[in-house]
Structure formats: structure tokens, C-alpha cells
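Dear colleague,

I am passing on the structure we spoke about, and my notes on it follow below. Please read them with the coordinates open beside you.

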Amino acid sequence: MLLGRVVGTLVATRKEPSMSGLKFLVLKQIDIEGKETGGYRVAADAVGAGLGEVVLYATGSAARQTKMTYQRPCDGVIMAIVDLLEVDGDVTYDKSEVG
Amino acid sequence: MLLGRVVGTLVATRKEPSMSGLKFLVLKQIDIEGKETGGYRVAADAVGAGLGEVVLYATGSAARQTKMTYQRPCDGVIMAIVDLLEVDGDVTYDKSEVG
Amino acid sequence: MLLGRVVGTLVATRKEPSMSGLKFLVLKQIDIEGKETGGYRVAADAVGAGLGEVVLYATGSAARQTKMTYQRPCDGVIMAIVDLLEVDGDVTYDKSEVG
Amino acid sequence: MLLGRVVGTLVATRKEPSMSGLKFLVLKQIDIEGKETGGYRVAADAVGAGLGEVVLYATGSAARQTKMTYQRPCDGVIMAIVDLLEVDGDVTYDKSEVG
Amino acid sequence: MLLGRVVGTLVATRKEPSMSGLKFLVLKQIDIEGKETGGYRVAADAVGAGLGEVVLYATGSAARQTKMTYQRPCDGVIMAIVDLLEVDGDVTYDKSEVG
């Protein structure tokens, strides 16, 4: 899994019928220090993530292993909201201090 | 999922029989500001996308999770046409203003 | 799917038994202007592609969705021979003019 | 599979229900000389890996082929702890000499 | 599929039980001229490859389509030992001349 920060939303009315009801969020990819790495990903939201939150997302077939995305043409899903990230003994992200 | 702009078409008469009837579109990959990133992808069209439209496409096994692409050797599918993209509070793409 | 030009062949006598009978072709990856991008791929040939031809290939699990590659340890398959590629209103590849 | 060094942990209380009980470890990717390559991965731990250990991890659908990760939206799993790595006749990593 | 040269071995005693008995080989990735490209991969060996040999390996779910790797958390498998590689009319690798 990789880390992303939720920075936006995507609206699409014309889409594969099976994608109805899914919420698409725009993620900027970040590294384990919380820095943006330049990439992005549009992912379905399976956990009710909000703007600004740091999330964990899964890609590939793993992205269909949630109730919301099962058997849908979806290759990216947010499956966890990060509370705390600790790297080399330092806390590099603490949700309670940010929000 | 990633974003692309439909820029062309691909015609192939000699192909895997199961690919008959699929429409192949050529996408230039774009970022969340709408800028081209230099890459491309040929994708099957599951939603009737048109030239110039910004679309969302899925890759990998997700690309076979549509009626049109089910069990076919297809690793990229357009599964939504983007209406609106909002990033960091700004609208970075609005289909109604473009077309 | 991505585009490649068939530039060679690979012979392997010692291999997974299920790979017997498959023809391996060497592809140079090309972009939508027909320029080589520096990468390559070895792919199983499901359509009888010939040297010099521009082809469309699929990777990942999609590469096993042909009769020839079904349930085999194959992650790349040529599933179409390109006749015509049209990008931004220009024909960037026309098989009838090349060969 | 690729190599990583376990450098941290990730805590997420709000997540896909099926991810409960999984331990997420943060890996820095390393090459076969043991040098960091700049990338990272968050992976589920299927083998009880500890901080500082060099591990082998699998991505994609392979990451769901363990008891802990079966049918979960997980795209990265640590499936082995490396004891010894030998490259071009030299031992480039020996766990017994490190720890 | 991509090409690699077998350069080493990896020993791991603590691992997913289903990985027992699999031999892990270290591959340096090479291009179609036989030059190293800087990357590596650890792959399960399904064909009895030896040090120094040029092999073809498959990644992703294809890596589980051998008897040795079926339903195991393995995302890379050596499925063929290359005898001959011919690119643009030139033999760029001939096993009989090397070994």
C-alpha cells in the first residue's frame, strides 16, 4: 500500500453503471515523511475519508476487495485513514496534531 | 484510477477474436491540473467517450470488470467521463466550460 | 494496452511445460507517434504477428485471457496487429503505407 | 519479489473492517547491495518481522495469498525474513552479522 | 515477460509456510542487448536455472501459474531459460556461446 493525502473530488455522471454510488477522491501521493512525491491517484473511498486526511490506499485487484468496490472496474481504493506514522523512531505524521 | 484525454483511435482488424466489437481509444495521460504528463495508454471504451474528453480509466484486472471487456485480454478501460475535477478548493477541470 | 514494434524472437527450450508451443516475440515499446521509448517486452504471440509490425499488447492477468495463454505463467500477450493509428487528427501510423 | 528494510509502523483505527488485526509495517525499499533506493511501501506483516530486519515482500494479488491477508484489500505483504543474500559470489547481507 | 541474469540466491528460514521448498534466485534485469538496466528482482525458480544464465521471468498473478508457485504469495517466477535472442536480425544472446 502507499500513502496519499486527500486533496479533491471528481464528479462523473456518465460512467460504468456498476460505478454508481462510489465516491471518487483525488489523492496526492506522499512519502513516509509526509512530502508530496509528484504523483496522484483517483481512488474510490471505502472508509469515509475527508479532505486533508492522510490515507492508505491499495491498487490493482486488491482495490476490489471491499464491499463498495466488489466486482467493479475500480483499480484504486482508500482502505484506511492514517492516525500515526512512525519511521526510524520518529513520529512523521500524527493526525491528532494536524487536524 | 488515472486521468486521460481522448486524443485518437486505433484500428486493428487482425486481433484476438474476443476483442471484436471493442472500440480502442488513444489516451494522453494528464495530471490533476489537466497537464499532459508525457505518457499514453490505449484503452477499450466502455462509456462512449468522445475525442477531447477527459476520462477516468482503470488498468489491470479491473479493466475486465465491465460488460464489454469481461474475460477479454484487455488491460485498460475507460469507465467514466469526467464532468468536474476539484483540487485544493479550485476547479481544475469543468467539462461544461470546455466543450 | 501499449504499443510495440516486433523486433525479434526468443528461443527457450527449458521452460515451464505449460509454455510449450507458445511463440515469444521481442517488442520494442513505442509511443503514439511511433517513436521508440527505450523499453522492451517479451510477449506471447496470440495473433501471428510478424517482424516489423506494430502491435497492441496487454500485460498482467489480461495476458492470460487468450486461448493460447490461458492459465499459463505469461504476463504479456500480443492481442492485436495495428492497422491505423490516428492522433489529434493526424494518421501517425498506417500499416498499408509501411509494409 | 523485492527487498525492504522494516523502518516503522502505521496505525489506522478507521479502516476497512476486513483489515482489522493486520499489522502494517513501513518498508524502505533496498537493492541487492542493501542500499536504499528511495522508495517505500506499507505492507501487511505475515511473518512477524521486526524493526531493522531485511524482508522480502510481494505485491499485487500475491499479497492476498497468505492466511492473514486472504480476500482483504491488501496489495503488499511481507512473506519472508531474509537470512542471507549472496550476489555475484559475495554475501551482501547476513542477518547473523547485523543483529 | 522481461529478461534477467541469475546473479545470486536468497535464504529465508522464517517465511510464509506455503513458501517452503521454493528456491529464491536473485536476478539483475537486462535489456534485449544483454546489458544490465540497474534493477533487480527476486524470483521463485520453476525451471532449475543456474547462476549466470539469462532467463525469462513473469510477474504479477502470472507468477502463480506454475506447479511450484500455485496459490502462494509469490509475485515473480522464472519460467524459461533463454537459449537464443535475436533482435533486428542480430543474435544478441546465444547461450551455447556463453557457457
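**The contact between B:Lys28 and C:Asp88**

The side chain of B:Lys28 makes a polar contact with the side chain of C:Asp88, at 3.2 Å. Please keep in mind throughout that this is a predicted model.

B:Lys28 counts as buried because its relative accessibility, 17%, is under the 20% limit, whereas C:Asp88 is partly exposed, with a relative accessible area of 49%. In general terms, side chains of opposite charge can pair when their charged atoms come close.

As for the surroundings of B:Lys28, once its neighbours within four places in sequence are left aside, its contacts within chain B are B:Leu3, B:Gly4, B:Arg5, B:Val7, B:Glu36, B:Gly39 and B:Tyr40, and those in chain C are C:Ile32 and C:Asp88. With B:Tyr40, which is 12 residues away along the chain, the separation between C-alpha atoms is 4.5 Å.

**Other salt bridges**

Over all chains, the rule gives a count of 10 salt bridges. One of them joins E:Lys28 to D:Asp88, where the closest N and O atoms are 3.2 Å apart. This pair, too, crosses between chains, with E:Lys28 in strand S3 (residues 24–30) of chain E and D:Asp88 in the loop between strand S7 (84–87) and strand S8 (90–94) of chain D. E:Lys28 counts as buried at 16% relative accessibility, while D:Asp88 is partly exposed, with a relative accessible area of 47%.

A further salt bridge lies within chain B, where the side chains of B:Glu53 and B:Lys95 meet at 2.6 Å, N to O.

**The interface of chain A and chain D**

Turning to chains A and D, 31 residues of chain A are in contact with 27 residues of chain D. Between them the two chains bury about 2,300 Å², and 54% of that area is on carbon and sulfur atoms. On the side of chain A, the residues that lose the most area to chain D are A:Met1, A:Ile32 and A:Gln65, which together account for 28% of what that side buries.

The rule finds 1 salt bridge across this interface, and in it the side chains of A:Asp88 and D:Lys28 meet at 3.2 Å, N to O. There are also 15 residue pairs in polar contact across the interface of chain A and chain D, counting pairs with both residues at pLDDT 80 or more. Strand S1 (2–11), strand S5 (54–59), strand S6 (76–81) and strand S7 (84–87) of chain A are the elements that give two or more residues to the side touching chain D. By class, that side of chain A has 19 nonpolar, 5 polar and 7 charged residues.

Strand pairing also joins the two chains, with S7(A) and strand S1 (residues 2–11) of chain D pairing in the antiparallel sense over 4 bridges. Within S1(D), D:Thr9 is the bridge partner of A:Glu86.

**Loop residues to look at**

D:Asp31 is found in the loop between strand S3 (24–30) and strand S4 (36–45) of chain D. Leaving aside its neighbours within four places in sequence, D:Asp31 is in contact with D:Leu3, D:Thr37 and E:Tyr40. A polar atom of the D:Asp31 side chain lies 2.8 Å from the backbone nitrogen of D:Glu33.

Most residues other than glycine have a negative phi. B:Gln71, in the loop between S5 and strand S6 (76–81) of chain B, has a positive phi of about 60 degrees although it is not a glycine. D:Gln71, in the loop between strand S5 (54–59) and strand S6 (76–81) of chain D, likewise has a positive phi, near 60 degrees.

With best wishes

Notes: Residues numbered from 1 in each chain as written. Chains lettered and ligands numbered in written order. Predicted model: local features only at pLDDT ≥ 70, side-chain atom pairs only at ≥ 80, totals over all residues. Heavy atoms only, no water. Contact = heavy atoms within 4.5 Å. Buried area = accessible area lost by both parts, 1.4 Å probe. Salt bridge = Lys/Arg side-chain N within 4 Å of Asp/Glu carboxyl O. Polar contact = N/O pair within 3.5 Å; in protein donor to acceptor, adjacent residues only side chain to side chain. Nonpolar A, V, L, I, M, F, W, Y, C, P; charged D, E, K, R; others polar. Pairing = 2+ DSSP bridges. Buried < 20%, exposed > 50% of the residue type's maximum accessible area, 1.4 Å probe, protein only.
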